[in-house]
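Q: Please take a close look at one part of this structure and at what surrounds it. Then place that part within the wider picture of the model.

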Amino acid sequence: MAKHKNRKFKTVLVGCGSMSSAWLSSKAAKNNIDMVGFVDLIPAAAEKRAEEFGDAGAIIGTNLKNVIVESGAEILFDVSIPEAHYQNTMTALSLGLHVMGEKPMADTMPRARKMVAAAKKSNRIYAVIQNRRYLKDIQIVKSAIQSGVIGSIHTIQSDFFLGPHFGGFRDAMDHPLLLDMAIHTFDAARYITGADAQSVFCKAFNPEGSWYAHGASANAIFEMNKGISYIYNGSWCAIGQNTSWESTWRVMGTKGAILWDGGDVLNCEVYSSKNKSPSKLKSIKIPKKVNRSKILGHDSNIQEFIDAVRKKTKPMTYCVDNIKSLAMVDGAIKSDKAGRMIPITD
Ligand SMILES: NC(=O)c1ccc[n+]([C@@H]2O[C@H](COP(=O)([O-])OP(=O)(O)OC[C@H]3O[C@@H](n4cnc5c(N)ncnc54)[C@H](O)[C@@H]3O)[C@@H](O)[C@H]2O)c1
């Protein structure tokens, strides 16, 4: 019985590019799955991953449905490009598999909605990677806010300023910052606040000197529920004074504020308990206790998915919740196009 409870799941990987190595190298993958199939439009990419991580006799192919059927897989790992997530996930759910896929859930909201509906109907778990939720420092910030140390929060601001030269598809696409990166930051804002976006006003632009074809910078104001305002400032062509990939954050509450650099520098100032005068503030040391199994990025995210499959529960990044982060990206782009505030619906 115990053996059955801890058995490994037959798993197929679709999309055998650069990120897939991080997935299959994780402890969660090594301990819980047997890699029985590898699919990629480029056969050599699938063959390479099969050599590195595959079971003896693992099936390799370019047609996902055939490989799933032939291998008898129970789980799909989808690490393909965003435009392919919809078809891959729908195929796997229709064949009764659980799916863990890379962010973003899909390239459009109508497709994402269909994926969520299919997951609900199939009674299978479809979860999305949001690895930045599974980092030590964001969890310390979230716990501090939940403890009420700065009171009831009303304003949160993130600054994301980096200047990477990727080359490739990001340089040519529309809205590279909002579509390819801001999903992480918007999802982090939802995670930290425990609030969801209701509307957004966003202005994207391409600054002088940008090496992208379009929209490398953006400013957005989100109205979240719970009376919270979220202000996002970002650029992917920022030269100098860069932030971390996790952004720098200011969270303001009724009793004080937290400044977080996205790494391990965290400052918190609150009213002195004796005197509510603005000149009587005190610094607070934030407790740094975290659940060590939840701070390993992809590894923790994949482990939580596997645990949910075993226990028939829902992981934190279950599609029904995750679509709310994608809806923020979609709303921001629509607002930029329309030049006005846009309501956000998932
Ligand atoms: N969570 C993170 O921090 C993070 C970081 C980087 C990338 N990503 C995401 O991971 C995913 C993959 O990114 P990557 O950097 O590995 O890209 P990549 O281009 O290196 O690999 C993608 C692979 O998918 C294959 N592919 C494309 N369409 C396919 C289809 N229809 N069927 C089968 N295979 C197909 C390609 O041939 C390629 O081998 C993307 O969704 C990206 O946004 C996430």
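A: Contact here means that heavy atoms lie within 4.5 Å. By that criterion, and not counting residues up to four places away in sequence, Ser210 touches Ala216 and Cys237. The model is predicted, so local features need pLDDT of at least 70 and side-chain atom pairs pLDDT 80 or more, while totals for chains, interfaces and linings use all residues. Numbering starts from 1 along each chain as its sequence is written, and side-chain values use heavy atoms, with hydrogens and water left out.

Ser210 is located in the loop between β8 (197-205) and β9 (217-224); strands (E, at least two residues) and helices (H or I, at least four) are DSSP runs numbered from the N terminus. Ser210 counts as buried because its relative accessibility is 18%, the classes being buried under 20%, exposed over 50% and partly exposed in between (1.4 Å probe, protein chains only). A polar atom of the Ser210 side chain lies 3.0 Å from the backbone nitrogen of Tyr212.

The wider picture begins with the domains. An automatic or database assignment divides the protein chain into domain 1 (2-128) and domain 2 (133-295 + 326-343). Their C-alpha centres lie 31 Å apart, and the contact takes seven residues from domain 1 and six residues from domain 2. Buried area is the accessible area (1.4 Å probe) lost by two parts on being put together, summed over both; between these domains it is about 560 Å², with carbon and sulfur atoms giving 72%. Lys103, Pro104 and Met109 supply 79% of what domain 1 buries against domain 2, more than any other three residues.

A salt bridge requires a side-chain nitrogen of Lys or Arg within 4 Å of a carboxyl oxygen of Asp or Glu. One salt bridge is counted between the two domains, and the side chains of Lys103 and Asp180 form a salt bridge at 3.8 Å, N to O.

The whole structure holds 17 salt bridges. Among them, Glu52 and Arg49 meet at 2.7 Å, N to O. These two residues are about one helical turn apart, because they stand three residues from each other in helix α4 (residues 43-53). Arg49 is buried at 8% relative accessibility, whereas Glu52 is partly exposed at 40%.

Glu246 and Arg132 form another salt bridge, at 2.9 Å, N to O. This pair links distant parts of the chain, 114 residues apart: Glu246 lies in the loop between β10 (229-235) and β11 (248-253), and Arg132 in the loop between β6 (126-128) and α8 (136-146). Finally, a network of salt bridges links Arg133, Asp187, Arg190, Asp196 and Asp321.

Technical notes:
A polar contact is a pair of N or O atoms within 3.5 Å; within protein, one must be able to donate a hydrogen and the other to accept it, and residues adjacent in sequence count only if both atoms are side-chain atoms.
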